[in-house]
Amino acid sequence: MARTIIRNGLVVAPGGAVRATLVLEDARIAGLLDPEQPVSGIVDADIDAAGLVILPGAIDAHTHFIQDDPAVDEVNPDEVEGFINGGRAAAAGGVTTVVEMPQAARPTVDGAIFRRRVELAQPDAVVDFALWGGVCGGQRTDALDEQIEAGAAGFKAFMCDSDPSFPGVDDAQLLATLEHLKDTPYMFGLHAESDSLLQDGLRRMQESGRKDALAHHDSRPAIVEAEAVNRAIFFAEQTGGWVHIVHLSAPSAAELVRQAKARGVRVTAETCPQYLAMDHEDLVRLKGFAKCAPAIRDRAQVEALWGYLIDGTIDCVTSDHCGFSADSKRRGEEDIWEAPNGLPGIQTLLPVMISDGRRRGLSWERIAELTASVPARLWHLAPRKGAITIGADADLVFVDPVRTWTVRDEDMLHTQQWTPFAGRTLEGQVVRTMLRGRTIYDVDHGVLAEPGSGEFIPALAG
Ligand SMILES: [Zn+2]
């Protein structure tokens with residue numbers, strides 16, 4: 001057994017941030033001791049974390065690593081990521097577990113494809129991973145049970161049309177899926193934008209000849225999201241099923257979630273750094289490089305969205321990391337419609353939440369909840385993941401809370417080396433990441449983990 005001692009750090013445990021000595025035995029957290037208490041027995045590694053904050057490893061529950069499947073010859077050259085480079089970026093950003101989305105050349109929509117995705121990701125995985133199950137138009141309901149059996153962490157669908165290989169669900173299927181899932185512990189995660197309003201918005205922009213960056217937003221304003229969220233909540237309330245709103249961006253939609261929660265409806269929501277730390281000025285400045293769906297909102301809405309994060313309406317924060325190439329995004333320079341929707345973000349997720357969150361008064365404990373303990377609970381990875389507690393996996397992030405640094409494209413480790421946050425100065429830097437007791441990243445040496453060191457974590461909902 002290998003025993004590691006971590007001294008002098010400010011440990012962000014579920015009860016609050018405390019000065020403590022952490023004792024790791026192999027891959028697990030074995031002790032959380034008073035700093036004055038002597039540590040007895042053999043110590044294999046002794047780490048001094050003086051001046052550092054130790055958070056639970058972040059869980060990014062919304063990634064699009066889109067593992068290539070050699071058996072399916074449809075790789076989009078504009079969208080190349082994968083578990084190796086995506087995982088290296090995760091490690092550098094303090095993310096120790098990802099929950100990968102079902103979209104791929106062949107989306108995860110049944111048990112056989114689910115198991116194939118695990119098999120494909122395993123040899124490449126740098127951090128631990130779980131997988132979403134998928135729900136798409138025209139699917140058999142026993143495909144849901146197959147995916148549950150294979151370890152799905154939750155289920156995802158689109159309420160609007162997105163990728164033709166992963167068609168959106170209509171109201172009838174929304175209802176049927178919630179009826180089916182309501183007696184299970186699993187969420188139905190929804191990309192909530194009204195297809196009808198969105199198609200009309202796109203048509204209106206086309207007719208007016210607009211190709212500017214804000215036309216992207218104006219084709220899908222807040223009401224497009226709010227209407228779909230309202231409908232999703234209605235189905236959750238009628239069936240007793242659990243609806244989770246992915247990448248919530250509009251405060252008007254968040255208000256519907258707040259009211260529904262107050263009525264006892266089973267609804268949860270996530271947002272992403274791009275909706276908290278970017279606004280229309282960024283969309284106008286970055287054009288295609290800030291194009292995502294839902295669209296980035298104006299400053300007043302961004303400010304209001306923070307209120308819903310701080311009051312607990314929004315449960316957690318994810319990246320919605322996508323691997324679109326800079327070339328594909330540059331096509332939006334003259335004509336915004338030419339750029340695809342989606343942004344890289346896994347390496348900046350935790351740093352942006354620490355820097356902007358601390359500035360807005362979020363405690364370390366709250367940051368740990370938003371990025372680790374709540375995702376672990378919602379996607380059934382707890383008690384193994386998500387918190388610094390005895391018996392849990394020793395997934396830890398060491399943060400230098402006062403070090404300021406500037407985000408640069410060239411420091412990104414994901415396949416496409418660019419980030420919409422380039423040029424930002426952030427306060428608080430990830431200086432070391434540990435996965436199951438092993439250091440997988442440190443700021444001086446970079447990523448230390450090999451592909452294949454990550455493990456598949458099936459949902460522990462039993
Ligand atoms: Zn997504």
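What distance separates the centres of domain 1 and domain 2, taken over C-alpha atoms? In this predicted model, the separation is 27 Å. Local features rest on a pLDDT of at least 70 and side-chain atom pairs count only at pLDDT 80 or more, whereas totals for chains, interfaces and linings use all residues. Residues are numbered from 1 along each chain as its sequence is written.

The domain assignment gives domain 1 as 3-54 + 393-447 and domain 2 as 55-378; such bounds come from an automatic or database domain assignment. Across the boundary, 30 residues of domain 1 are in contact with 45 residues of domain 2, contact meaning that two C-beta atoms, placed from the backbone, lie within 7 Å. On the side of domain 1 that touches domain 2, at least two residues each are supplied by β2 (16-25), β5 (53-56), β15 (396-406), β16 (425-435) and β17 (438-442). The most is given by β16, with 7 residues. Strands here are DSSP runs of E with at least two residues and helices are runs of H or I with at least four, numbered from the N terminus.

The largest nonpolar core has 149 residues, and I54, L55, F155, V229, A232, V243 and I245 touch the most other members. A core of this kind is a set of buried Ala, Val, Leu, Ile, Met, Phe, Trp, Tyr and Cys residues joined through C-beta atoms within 7 Å. Each of domain 1 and domain 2 contributes at least three residues to this core. Burial is counted from C-beta atoms placed from the backbone: a residue is buried with 20 or more others within 10 Å of its own, exposed with 12 or fewer, and partly exposed in between. In soluble globular proteins, nonpolar side chains tend to be buried together. For A232, setting aside neighbours within four places in sequence, the contacts are L190, A192, V243 and I245.

Helix packing gives two pairs to look at. Two packed helices are described by the angle between their axes and the distance between the axes. The axes of α7 (residues 222-239) and α8 (residues 251-262) come within 8 Å and cross at roughly 20°; axes are lines fitted to C-alpha atoms, for helices over the stretch in contact, with angles running from 0 to 180 degrees between N-to-C directions. These two helices are therefore roughly parallel to each other, the term for angles under 35 degrees. The crossing of α7 past α8 is right-handed, meaning that the near helix is turned clockwise from the far one by less than a right angle. On the α7 side the meeting residues are A222, E225, A226, V229, N230, I233 and E237, and on the α8 side S252, A253, L256, V257 and A260.

For the second pair, the axes of α2 and α3 (residues 142-150) come within 8 Å and cross at roughly 30°. Helices α2 and α3 are therefore also roughly parallel to each other. Here G111, F114 and R115 of α2 make the contact with E146, Q147, E149 and A150 of α3.

Helix α1 is mostly covered, with 10 of its 10 residues buried. Among them are F83, N85 and R88. The buried residues of α1 pack against β6, β7 (95-100), α2 (111-121), β16, β17 and β18 (446-447). Just after α1, G94 takes a positive phi of about 85°.

The peptide bond from A293 to P294 is cis, with omega near -5°, and P294 sits in the loop between α10 (280-286) and α11 (299-310). Another cis peptide bond joins A382 and P383, with omega about 5°; P383 belongs to the loop between α14 (364-378) and β15. Although not a glycine, D26 has a positive phi of about 50°. D26 is found in the loop between β2 and β3 (28-33) and is partly exposed, because 13 other C-beta atoms lie within 10 Å. I66, not a glycine either, has a positive phi of about 45° and lies in the loop between β6 (58-63) and α1 (83-92). I66 counts as buried because 22 C-beta neighbours lie inside 10 Å.

Notes
Parallel < 35°, antiparallel > 145°, perpendicular 65-115°, else oblique.
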